[in-house]
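This report describes selected features of one protein chain. Please keep the sequence and the structure in view while reading.

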Amino acid sequence: MSFTLRAASIAAVALSMLAALAATAPSFALDSATTPVSAQSLNDVTRATVPALPVDPAAISGNDKVVFARTSEVVQSISRDDAAAAVSLASLVANYDMNTPRDREDECLAGAVYFESKGESLDGQLAVAQVIINRASSGRFPRSLCSVVFQPSQFSFVRGGDFPPIDRSSRAWREAAAIAHVASEDLWDSSVSDALFFHASHVSPGWRKQRIARVGNHVFYR
């Protein structure tokens, strides 16, 4: 998504929201005494309230150890229009706040983000997710996200073909789940959009690959 299109979308959505609020809420007046509307305020206005869903576990098979269920918490499904209106990756992530990814593929992607980049910037987490998505679509790696994540000798956090324990109540996990959704739906452009490889910045593997950028604690290559 180009910067120009994103900026135009943001302006259009913001103006329409302000006009609607001015018409329906007398206390929301646009005059010289009004405090400027912050990005967070716009984000709060656009947050949709979705009725709580009953728990409905999905069947799993094989070595899958995660039982997916609809959650009773209030969440929002993000569309590309919502993403166009977001003024930052942080505001976009804040709109998708749940600790249960929607399916096994998002679970695998979120797990990789969690173990490879928890505690890093959202840009750094998105970059890790982008590499995994790129691999799955490249034809050079397995075709599913889970197969890419659990491919032997690729990610050091994998133990016995599965994830170590995950603290699913932590902020780090909730961010990873949100980033996985944003990345898999292509809702925000990554700074390493065509990267296929990365390594921690404290090591020097001597790869003969084209370096793209360093984002956080990782260096990315194509």
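## Burial of Cys 108

The model discussed here is predicted. Cys 108 has a relative accessibility of 0%, and because burial requires a value under 20%, Cys 108 counts as buried.

## The disulfide

A disulfide is a covalent bond between the sulfur atoms of two cysteines. One disulfide is counted in this model. The bond joins Cys 108 to Cys 146, with 2.0 Å between their sulfur atoms. The pair links distant parts of the chain: Cys 108 belongs to helix α5 (residues 104-117) and Cys 146 to helix α7 (residues 145-149), 38 residues apart.

The torsion about the S-S bond of Cys 108 and Cys 146 is about 95 degrees, so this disulfide is right-handed. Cys 146 is also buried, at a relative accessible area of 11%.

## The largest nonpolar core

The largest nonpolar core contains 49 residues, and those touching the most other members are Leu 89, Leu 109, Ile 132, Val 149, Ile 179 and Phe 220. Two or more residues come from each of α4 (89-94), α5, α6 (122-138), α7, α8, β1 (197-200) and β3 (218-221). The greatest contribution is that of α6, with nine residues.

Apart from neighbours within four places in sequence, Val 149 is in contact with Cys 108, Ala 112, Ile 132, Phe 155, Phe 157, Val 158 and Phe 163.

## Ser 170 in a loop

Ser 170 is found in the loop between α7 and α8 (171-184). Its relative accessibility is 15%, so Ser 170 counts as buried. The side chain of Ser 170 reaches the backbone oxygen of Asp 167 at 2.7 Å.

Note on methods:
Residues numbered from 1 in each chain as written. Predicted model: local features only at pLDDT ≥ 70, side-chain atom pairs only at ≥ 80, totals over all residues. Heavy atoms only, no water. Disulfide = S-S within 2.5 Å. Helix = DSSP H or I, 4+ residues; strand = E, 2+ residues; numbered from the N terminus. Buried < 20%, exposed > 50% of the residue type's maximum accessible area, 1.4 Å probe, protein only. Polar contact = N/O pair within 3.5 Å; in protein donor to acceptor, adjacent residues only side chain to side chain. Core = buried A, V, L, I, M, F, W, Y, C linked by side-chain atoms within 4.5 Å. Contact = heavy atoms within 4.5 Å.
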